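Subject: Structure handover

Hello,

Here is the structure you were waiting for. Please open it next to this email and follow along.

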Amino acid sequence: MELKTVKFSVSSTQFYFGASMSHLKKIARPASSVIITDEHLFDAHPDKFRGYNTIVLKPGEEHKVQDTVSEIIEQLVEMQADRQTTLVGVGGGVVTDITGYTASVYMRGLKFGFVPTSILGLVDASIGGKNGVDLGDYKNMVGTIRQPSFILHDYSLLASLPDHEWVNGFAEVIKHACITDAAMFRELEKHTVADYRRDKKLVSALIRRNTLIKTKVVQGDEFEKGDRRLLNFGHTLGHAVETQYELSHGEAISIGMTAACQLSEQLTGFKHTAKVTALLGQYGLPTYAAFDRDRVTEVMTMDKKRDRKEMNYVLLSRIGKGVVKAIPLKQLGRMIRQLD
Ligand SMILES: NC(=O)c1ccc[n+]([C@@H]2O[C@H](COP(=O)([O-])OP(=O)(O)OC[C@H]3O[C@@H](n4cnc5c(N)ncnc54)[C@H](O)[C@@H]3O)[C@@H](O)[C@H]2O)c1
Ligand SMILES: [Zn+2]
């Protein structure tokens, strides 16, 4: 196990890399902690929760809503949770988002920590302190920014993660490689999802590396004014296709990253779209897709990240180097309609 303390503006987070949930007892004592998880995790790993008061949620994004928060709060009241209680979210991004948000509002704020269990949760959702719930069609409409006290990694939990969730998480890993880490891009080219599933050492090094990439970007820009926007690579168009079609988040941002590479060719002189799409394909992700250009452009330009008449779009200048460019909305629409 490796312990690493990461400082944010007003608090710090302790990362326990390569740890085991048995170590959790030392960080969050069972008598004064409540675990929040979902049925998939609880059923697959019952032993891991022994000794803790545990609130088990129904799995799925559709439960990442205010009603679930209210139900959790009622259970916390029943359990007599107070300001001394620590909430621990054990699960994917849905569970950690709900946990961080609930902990931030219950009694005006409790201490909380995460044990992320999906690839996406490990490399992305658990990091950065943004936690919230959806409101109807609006994702993450209500929420808080507050850093967890600790994030503990227990890679043995990944044994039960379904295939398609591995693929989903690798879309964010490839995103990180594209925007900041050319060496990791080359490593990914040498492997497949199956290699990482098989090889504990390989996957733990990859997760650690990605955790530090996201952490570093967030540290530099905790409240999202500048560089944190790089993390939106593939997400602007990605979110628009995700809402219009039945796609996983990973699939949608993979299509978004492909389009962003094509736009980069015209706007930054980027030359390696074929390398990026080959890597996405190697990890089971879609690239060129026949989405409705007009519809998606319309949805995209209504995105909340729009800045008046132009949109900040994340492009690549080369593999490993993301850049944010303001593109006039009219030009952006024209370019998207012309994508192959
Ligand atoms: N807070 C942030 O900064 C941030 C960043 C990115 C994403 N998110 C949020 O994260 C969520 C997506 O996260 P996700 O992809 O982890 O989704 P998720 O939490 O829904 O998990 C996906 C599925 O995998 C299951 N699962 C997770 N780990 C498992 C394991 N080890 N074994 C068996 N099953 C397991 C879950 O039960 C669920 O069915 C979205 O709600 C998104 O908005 C938040
Ligand atoms: Zn994402």
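Below are the ground rules, then the ligand site, the cores and some single residues.

This is a predicted model, where local features need pLDDT of at least 70, side-chain atom pairs count only at pLDDT 80 or more, and totals for chains, interfaces and linings use all residues. Residues are numbered from 1 along each chain as its sequence is written, chains are lettered from A and ligands numbered from 1 in the order in which they are written, and side-chain values use heavy atoms, with hydrogens and water left out.

**Ligand site**

Start with ligand 1. It is surrounded by 25 residues. A residue counts here if one of its heavy atoms lies within 4 Å of the ligand. The closest are Asp38, Glu61, Ser118, Lys130 and Ser160. By type, the shell splits into eight nonpolar, eight polar and nine charged residues.

- Glu61: an N or O atom of its side chain is 2.5 Å from a ligand oxygen.
- Gly93: a polar backbone atom is 2.8 Å from a ligand oxygen.
- Lys139: an N or O atom of its side chain is 3.2 Å from a ligand oxygen.

On its own, ligand 1 exposes 860 Å², and the protein buries 87% of that. Accessible areas come from the Shrake-Rupley method with a 1.4 Å probe; for residues, only the protein chains shown count as cover. Elements that give two or more residues to the ligand shell are α2 (39–44), α4 (93–105), α5 (119–125), β8 (138–145) and α6 (163–180). Helices (H or I, at least four residues) and strands (E, at least two) are DSSP runs, numbered from the N terminus.

**Cores**

Now the inside. The largest nonpolar core has 85 residues. Such a core is a set of buried Ala, Val, Leu, Ile, Met, Phe, Trp, Tyr and Cys residues joined through side-chain atoms within 4.5 Å. Buried means under 20% relative accessible area, exposed over 50%, partly exposed in between (1.4 Å probe, protein chains only). Phe170, Leu188, Phe233, Leu237, Tyr283 and Tyr313 have the most contacts inside this core. In soluble globular proteins, nonpolar side chains tend to be buried together.

Take Leu188. Beyond four places in sequence, its contacts (heavy atoms within 4.5 Å) include Phe170, Tyr196, Leu206 and Tyr283.

Ile35 sits in strand β3. It counts as buried because its relative accessibility is 0%. Past its neighbours within four places, Ile35 contacts Met21, Leu24, Phe49, Val88 and Val90, among others. Gln338 is 303 residues away from Ile35 in sequence and 49 Å away in space, C-alpha to C-alpha.

Met300 is in helix α13, which spans residues 293–301. At 1% relative accessibility, Met300 is buried.

Which of them are buried, and which exposed?

- Arg293 belongs to α13 and is buried at 16%. Beyond four places in sequence, it touches Ile336, Arg337, Leu339 and Asp340.
- Arg228 lies in the loop between α9 (200–220) and α10 (235–244). It is buried at 3%. Its side chain reaches the backbone oxygen of Gly128 at 3.4 Å. Arg228 also touches Lys130, one of the residues closest to ligand 1.
- Arg29 is in the loop between α1 (24–27) and β3 (33–38). It is exposed, at 53%.

Most residues other than glycine have a negative phi. Two residues here have a positive phi: Gln80, near 60°, and Arg108, also near 60°. Gln80 lies in the loop between α3 (66–78) and β5 (86–91) and is exposed at 67%. Arg108 lies in the loop between α4 and β6 (111–116) and is exposed at 79%.

Best wishes

Technical notes. Polar contact = N/O pair within 3.5 Å; in protein donor to acceptor, adjacent residues only side chain to side chain. Nonpolar A, V, L, I, M, F, W, Y, C, P; charged D, E, K, R; others polar.
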